[in-house]
Amino acid sequence: MESEMNGAKQTAETEFVLVGLHDHYDLEMVLFVLCLGIHSANVLGNTLLIGLNMLYPHLHTPMYFFLSNLALMDISGTSVFLPLMLVNFLETQSTISFPGCALQMYLTLALGTTECVLLAMMACDRYVAICQPLPYSELMSWHTCMWMATLSWGEGFANSLLHSILTWSLPFCGHNIINHFFCEILAVLKLACGDISLNALLLTVSSAVVTLPPLLLIFLSYVFILTALLWVPSAAGGHKAFSTCSAHLTVVVIYYGTISFMYFKPKAKDLYLNKLLAFFYGVVTPSLNPIIYSLRNAEVKAAAVALLSGDLLSRKMARFPVVL
């Protein structure tokens with residue numbers, strides 16, 4: 001008996017078992033096809049968005065700089081766990097190493113937190129563009145944009161580091177079965193045999209800190225934006241200004257709505273609901289962002305049309321003639 005307990009402890013230290021939906025094999029096959037298609041669309045769409053922002057001169061603005069950061073975040077966020085999750089859908093027993101689980105949890109939490117802050121920075125950019133158009137280029141300089149982006153990424157990774165240290169300092173006592181698709185922090189905390197009340201409290205507090213102030217900033221930004229739009233004399237001008245905000249506002253509603261359900265109730269008992277929310281938040285939402293921004297933004301659509309017709313690449317190559 002003692003040897004079996006020691007073996008279990010050793011297993012917990014070397015690998016974890018991801019349950020996922022192994023008790024619903026047919027559903028796993030459906031999810032495999034669905035996730036493969038969504039992930040492919042996510043990588044293709046966000047890569048195209050980044051490429052357009054780099055190639056199209058009209059997109060060399062703070063708004064599209066932040067949008068490129070968001071696209072990079074979406075690609076990285078899904079690539080952290082989705083490829084392994086796809087492989088696990090085809091396996092009878094899914095495992096992940098202890099270091100791999102720790103890294104996966106750290107990166108998913110870090111990128112999720114970063115996106116919260118980045119969406120607030122994008123709202124500030126829209127506020128300055130619409131409410132302070134004359135000094136916009138001075139207020140939103142390249143240096144300022146870099147500082148705002150660095151702050152977003154830094155806060156996300158620092159917050160995740162704190163929770164990772166506290167989580168992996170807990171005793172696990174041989175428990176190594178994670179009832180989830182990937183190493184999500186709430187699922188990992190359930191394995192700890194020690195007191196997790198401090199972890200749960202800090203997770204709730206930090207979730208409030210990294211979501212509520214940015215959400216309040218977004219709300220205030222749009223209050224001022226809508227107030228300013230009411231004074232726009234031209235209906236066409238007001239519509240164009242609001243169209244640049246509607247895509248961002250749609251992403252905010254989807255993202256914050258999902259993450260609020262996930263992290264403001266760390267002791268939720270409905271495991272299947274948690275898995276469904278994590279699936280929507282981690283897989284579906286990142287693939288929606290390029291679709292939302294491309295459909296709601298005339299400049300992105302114009303850049304995509306120029307790229308497909310070959311005009312964009314030909315103009316780019318014309319700047320760098322080949323000398324034989």
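The link between C101 and C183 is left-handed, with -120° about the S-S bond. The two sulfur atoms sit 2.1 Å apart, and a disulfide here is a pair of cysteine sulfur atoms within 2.5 Å. One disulfide turns up in a search of the whole structure. C101 belongs to helix α4 (residues 98–131) and C183 to the loop between β3 (177–178) and α7 (185–189), so the bond ties together parts 82 residues apart in sequence; helices (H or I, at least four residues) and strands (E, at least two) are DSSP runs numbered from the N terminus. This is a predicted model, in which local features need pLDDT of at least 70 and side-chain atom pairs count only at pLDDT 80 or more, while totals for chains, interfaces and linings use all residues. Residues are numbered from 1 along each chain as its sequence is written, and side-chain values use heavy atoms, with hydrogens and water left out.

As for burial (under 20% relative accessible area; exposed is over 50%, partly exposed in between; 1.4 Å probe, protein chains only), C101 comes out at 0% and C183 at 0%. C124 is also buried, at 18%.

Now for the packing. Beyond neighbours within four places in sequence, M122 is in contact (heavy atoms within 4.5 Å) with F66, L67, L70, H248 and Y293.
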